[in-house]
Amino acid sequence: MEQKKIDRINELTKKHNTHGLTPEEEAERHTLRQEYIAGFRKSLTHHLEHTYIMEEDGTKRKLKKKD
């Protein structure tokens with residue numbers, strides 16, 4: 001996510017905490033937050049898919065997805 005969008009989320013959150021938001025600003029904030037969360041999850045999933053566990057005997061095994 002672009003830094004510009006993260007800054008906008010922070011700006012809207014500060015405004016929400018002090019003055020309140022208009023319905024349009026609330027919708028914009030919600031949309032930006034959802035985009036941020038989706039990007040975070042994608043990044044975390046990618047990281048975990050490339051994670052290996054080193055066993056005591058020196059072998060590596062891939063981290064398995066939990067059901």
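The model is predicted. Helix α1 spans residues 3-18, and helix α2 spans residues 23-49. Their axes come within 10 Å and cross at roughly 135°. The buried residues of α2 pack against α1.

**Helix lengths**

- Helix α1 has 16 residues, so at 1.5 Å a residue it should span 22 Å. Its end C-alpha atoms are 23 Å apart, which agrees with that expectation.
- Helix α2 has 27 residues and should therefore span 39 Å at 1.5 Å a residue. The C-alpha atoms at its ends are 39 Å apart, in agreement.
- Gly-20 follows α1. Its phi is positive, near 95°.

**How the helices meet**

- The axes of α1 and α2 cross at roughly 135°. Angles over 145 degrees would count as roughly antiparallel, and 65 to 115 as roughly perpendicular, so this pair falls among the rest, as oblique. The two helices are therefore oblique to each other.
- The crossing of α1 and α2 is left-handed.
- On the α1 side, the contact is made by Lys-5, Ile-6, Arg-8, Ile-9, Leu-12, Thr-13, Lys-15 and His-16. On the α2 side, it is made by Glu-25, Glu-26, Glu-28, Arg-29, Leu-32, Arg-33, Glu-35 and Tyr-36.
- By class, the residues of this contact divide into five nonpolar, two polar and nine charged.

**Buried residues of α2**

- The buried residues of α2 are Glu-25, Arg-29 and Leu-32. They pack against α1.
- Glu-25 sits in α2. Its relative accessibility is 15%, so it counts as buried, the cut-off being under 20%.
- Beyond residues up to four places away in sequence, Glu-25 touches Leu-12, Lys-15 and Gly-20.
- Arg-29 also belongs to α2. Its relative accessible area is 7%, so it is buried.
- Setting aside neighbours within four places in sequence, Arg-29 is in contact with Leu-12, Thr-13, His-16 and Leu-21.
- Arg-29 and Thr-13 are 16 residues apart in sequence. Their C-alpha atoms are 7.9 Å apart in space.

**The loop residue Leu-21**

- Leu-21 lies in the loop between α1 and α2. At 18% relative accessibility it counts as buried.
- Leaving out neighbours within four places in sequence, Leu-21 contacts Leu-12, Lys-15, His-16, Glu-26 and Arg-29.
- Leu-21 is 23 residues from Leu-44 in sequence, and 31 Å from it in space, C-alpha to C-alpha.

**Lys-15 on α1**

- Lys-15 is part of α1. With a relative accessible area of 31%, it is partly exposed.
- Apart from neighbours within four places in sequence, Lys-15 is in contact with Gly-20, Leu-21 and Glu-25.
- Lys-15 and His-46 are 31 residues apart along the chain. A distance of 34 Å separates their C-alpha atoms.

**Ala-38 on α2**

- Ala-38 is located in α2. Its relative accessibility is 45%, so it counts as partly exposed.
- Ala-38 and Met-1 are 37 residues apart along the chain. Their C-alpha atoms are separated by 9.7 Å.

Key:
Residues are numbered from 1 along each chain as its sequence is written. This is a predicted model: local features need pLDDT of at least 70, side-chain atom pairs count only at pLDDT 80 or more; totals for chains, interfaces and linings use all residues. Side-chain values use heavy atoms; hydrogens and water are left out. Helices (H or I, at least four residues) and strands (E, at least two) are DSSP runs, numbered from the N terminus. Buried means under 20% relative accessible area, exposed over 50%, partly exposed in between (1.4 Å probe, protein chains only). Contact means heavy atoms within 4.5 Å. Axes are lines fitted to C-alpha atoms, for helices over the stretch in contact, and angles run from 0 to 180 degrees between N-to-C directions. Angles under 35 degrees count as roughly parallel, over 145 as roughly antiparallel, 65 to 115 as roughly perpendicular and the rest as oblique. A crossing is left-handed if the near helix is turned anticlockwise from the far one by less than a right angle, and right-handed if clockwise. Ala, Val, Leu, Ile, Met, Phe, Trp, Tyr, Cys and Pro count as nonpolar, Asp, Glu, Lys and Arg as charged, and the others, Gly among them, as polar. The expected span of a helix is 1.5 Å times one less than its number of residues.
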